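Q: I would like to learn how to read the features of a helical model. Could we take them one at a time?

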Amino acid sequence: METPFVRHLPADAVRARRARAISLIGPSTVAAGLIWAILQPYRVTLLHPRGQGLWWLVLEPPVLVALAGIVFATVVAKPLLADLEEHDAAAR
């Protein structure tokens, strides 16, 4: 049965969407952490130290979210995208 509503996307389009989604996870997580820090500035210790050292700044939740995004982008996403490109090249 064939309907005009069903479309098949080419495999290249699916791979491109997957790669784009993976590559956007890290930067969007960093942006979420920065937006969180802007919306709730009282969570960032640097703005009101109250006897705490600057090392405490790293343990604040918005900063941890931004650091997690950076780590994901560099440690997980780059090798994963390289592996996907290698797999796609081998499949062709």
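Q: What share of the 92 residues in the chain is buried?
A: A residue is called buried when its relative accessible area is under 20%. In this predicted model, buried residues account for 15% of the 92 residues in the chain. The accessible surface of the chain is about 7200 Å², and carbon and sulfur atoms contribute 68% of that area.

Q: How many helices and strands does the chain have?
A: The chain has 2 helices and 0 strands. Helix H1 covers residues 11-39, and helix H2 covers residues 61-91.

Q: What span should the 31 residues of H2 have, and how far apart are its end C-alpha atoms?
A: The idea is to compare an expected length with the distance between the ends. At 1.5 Å a residue, H2 should span 45 Å. Its end C-alpha atoms are 42 Å apart, which agrees with that expectation.

Q: Where in H2 does a kink lie?
A: A bend at a residue is the angle between axes fitted to the seven residues ending there and the seven starting there. In H2 a kink of about 35° lies at Ala-77, shortly before the proline Pro-79.

Q: Which residues of H2 are buried?
A: They are Pro-62, Ala-66, Gly-69, Ala-77, Leu-81 and Asp-88. Ala-77 therefore has a relative accessible area under 20%, and the kink of about 35° lies at this residue.

Q: What share of the contacts between residues at least 6 apart in sequence joins residues at least 24 apart?
A: Such a share shows how far along the sequence the contacts of a chain reach. Here 57% of those contacts join residues at least 24 apart.

Q: Which residues does Leu-84 touch, not counting those up to four places away in sequence?
A: Leu-84, in H2, touches Arg-18 and Ile-22. Arg-18 is in H1, and its C-alpha atom is 9.5 Å from that of Leu-84, although they are 66 residues apart along the chain. Leu-84 counts as partly exposed because its relative accessibility is 23%; Arg-18, at 43%, also counts as partly exposed.

Q: How far apart in space are Pro-27 and Ala-73, C-alpha to C-alpha?
A: They are 7.2 Å apart in space and 46 residues apart in sequence. Pro-27 is in H1 and is partly exposed, with a relative accessible area of 44%.

Key. Residues numbered from 1 in each chain as written. Predicted model: local features only at pLDDT ≥ 70, side-chain atom pairs only at ≥ 80, totals over all residues. Heavy atoms only, no water. Helix = DSSP H or I, 4+ residues; strand = E, 2+ residues; numbered from the N terminus. Expected span 1.5 Å × (residues − 1). Buried < 20%, exposed > 50% of the residue type's maximum accessible area, 1.4 Å probe, protein only. Contact = heavy atoms within 4.5 Å. Areas by Shrake-Rupley, 256 points an atom, 1.4 Å probe, with all protein chains shown as cover.
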